[in-house]
Amino acid sequence: MSLFALAAAVVAAGQTFTCTPTHVYDGDGPIWCAEGPHVRIAGIAAKEMDGTCRDNQPCPAASAIQARDALVSLFGGARGAISTGHVIVRGPTMNCLSEGSAGGSRTAAWCTLPSGQDLSCAMVATGTVLRWDRYWRGHRCR
């Protein structure tokens, strides 16, 4: 079955799952996982690809492209792109904990890279996204 034939289902809150990144859209997701889910990285905010920020979220100084490229870099770099604007990656398999729906078919999740590094914390450390306190809720960076 091709990647595009997989239906992205929201992973129920509290459930753990694995995600092997195949495509990235912007700095806070969605990340398309080979296993099916589309992950919205929990606890962070990035600019939209059109350069705007939603009224109800933090607005980082970095551009959407800078944030997307920082995330792509964490996954080993770009392997191409598709017509939807998604960048193709071959990221390492992450372990994730679902926070439930992030709207549409996206699952908000806290993910950990194989190195043990927290993905949300790694993205904040790039300076291209901001911690979104409304959703951060005491999350700790190791």
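**Pocket, sheet and salt bridges**

Biologist: How do the residues of the lining of the largest pocket divide into nonpolar, polar and charged?
Modeller: Eleven are nonpolar, five are polar and nine are charged. Keep in mind that this is a predicted model.

Biologist: How much space lies in that largest pocket?
Modeller: About 380 Å³. The lining is made up of 25 residues.

Biologist: Which of them lie nearest its centre?
Modeller: Arg40, Ala102, Arg106, Trp132 and Tyr135.

Biologist: And which element gives the most to the lining?
Modeller: Strand 8, with three residues. At least two residues each come from strand 4 (38–41), strand 7, strand 8 (106–112) and helix 3.

Biologist: Start with strand 1, then. Which residues are on its covered face?
Modeller: In strand 1 (residues 16–19), Phe17 and Cys19 make up the covered face, while Thr16 and Thr18 are on the uncovered one. In a regular strand, side chains alternate between the two faces of the sheet.

Biologist: In which sense do strand 1 and strand 7 pair?
Modeller: Antiparallel, over four bridges. As one example, cysteine 19 has methionine 94 of strand 7 as its bridge partner.

Biologist: How many bridges are there between strand 7 and strand 8?
Modeller: Six, and the two strands are antiparallel. Glycine 100 stands opposite alanine 108 of strand 8.

Biologist: What about strand 4 and strand 8, parallel or antiparallel?
Modeller: Those two run parallel, joined by four bridges. Alanine 108 turns up again here, as the strand 8 bridge partner of arginine 40.

Biologist: Are the residues of strand 4 buried or exposed?
Modeller: His38, Arg40, Val39 and Ile41 are all buried. His38 and Arg40 point one way from the strand, and Val39 and Ile41 point the other way. Arg40 is also among the residues nearest the centre of the largest pocket.

Biologist: How does strand 3 pair with strand 4?
Modeller: Strand 3 (residues 31–33) is antiparallel to strand 4, over two bridges. Tryptophan 32 is placed opposite histidine 38 of strand 4. The hairpin of these strands has four residues between them, and glycine 36 there has a positive phi near 120 degrees.

Biologist: New topic. How many salt bridges does a search of the whole structure find?
Modeller: Five. One of them joins glutamate 99 and arginine 137, at 2.6 Å from N to O. Glutamate 99 is in strand 7 (residues 94–101) and arginine 137 in the segment after helix 3 (133–136), so the pair ties together parts that are 38 residues apart in sequence.

Biologist: Is that arginine 137 buried or exposed?
Modeller: Arginine 137 is exposed, at 54% relative accessible area. Glutamate 99 is partly exposed, at 34%.

Biologist: What distance separates the closest N and O atoms of glutamate 48 and arginine 54?
Modeller: They are 4.0 Å apart, and the two residues form a salt bridge. Another salt bridge joins the side chains of arginine 131 and aspartate 133, at 2.8 Å from N to O. Arginine 131 is partly exposed, with a relative accessible area of 44%.

Biologist: Last one: where does aspartate 118 lie?
Modeller: In the loop between strand 8 and helix 2. Aspartate 118 counts as buried, with 5% relative accessibility.

Biologist: Which residues of helix 2 are buried?
Modeller: In helix 2 (residues 119–126), they are Leu119, Ser120, Cys121, Ala122 and Met123. Just after the helix, glycine 127 has a positive phi of about 80 degrees.

How values were computed
Residues are numbered from 1 along each chain as its sequence is written. This is a predicted model: local features need pLDDT of at least 70, side-chain atom pairs count only at pLDDT 80 or more; totals for chains, interfaces and linings use all residues. Side-chain values use heavy atoms; hydrogens and water are left out. Buried means under 20% relative accessible area, exposed over 50%, partly exposed in between (1.4 Å probe, protein chains only). Two strands pair if DSSP finds at least two bridges between them. On a 1 Å grid over the protein atoms alone, a cavity is a set of points where a 1.4 Å probe fits but cannot get out, and a pocket is an open set with protein on both sides within 12 Å along at least five of seven lines; lining residues have an atom within 4 Å of a point. Grid points are joined across faces, edges and corners, and a volume is the space filled by probe spheres set on the points. Ala, Val, Leu, Ile, Met, Phe, Trp, Tyr, Cys and Pro count as nonpolar, Asp, Glu, Lys and Arg as charged, and the others, Gly among them, as polar.
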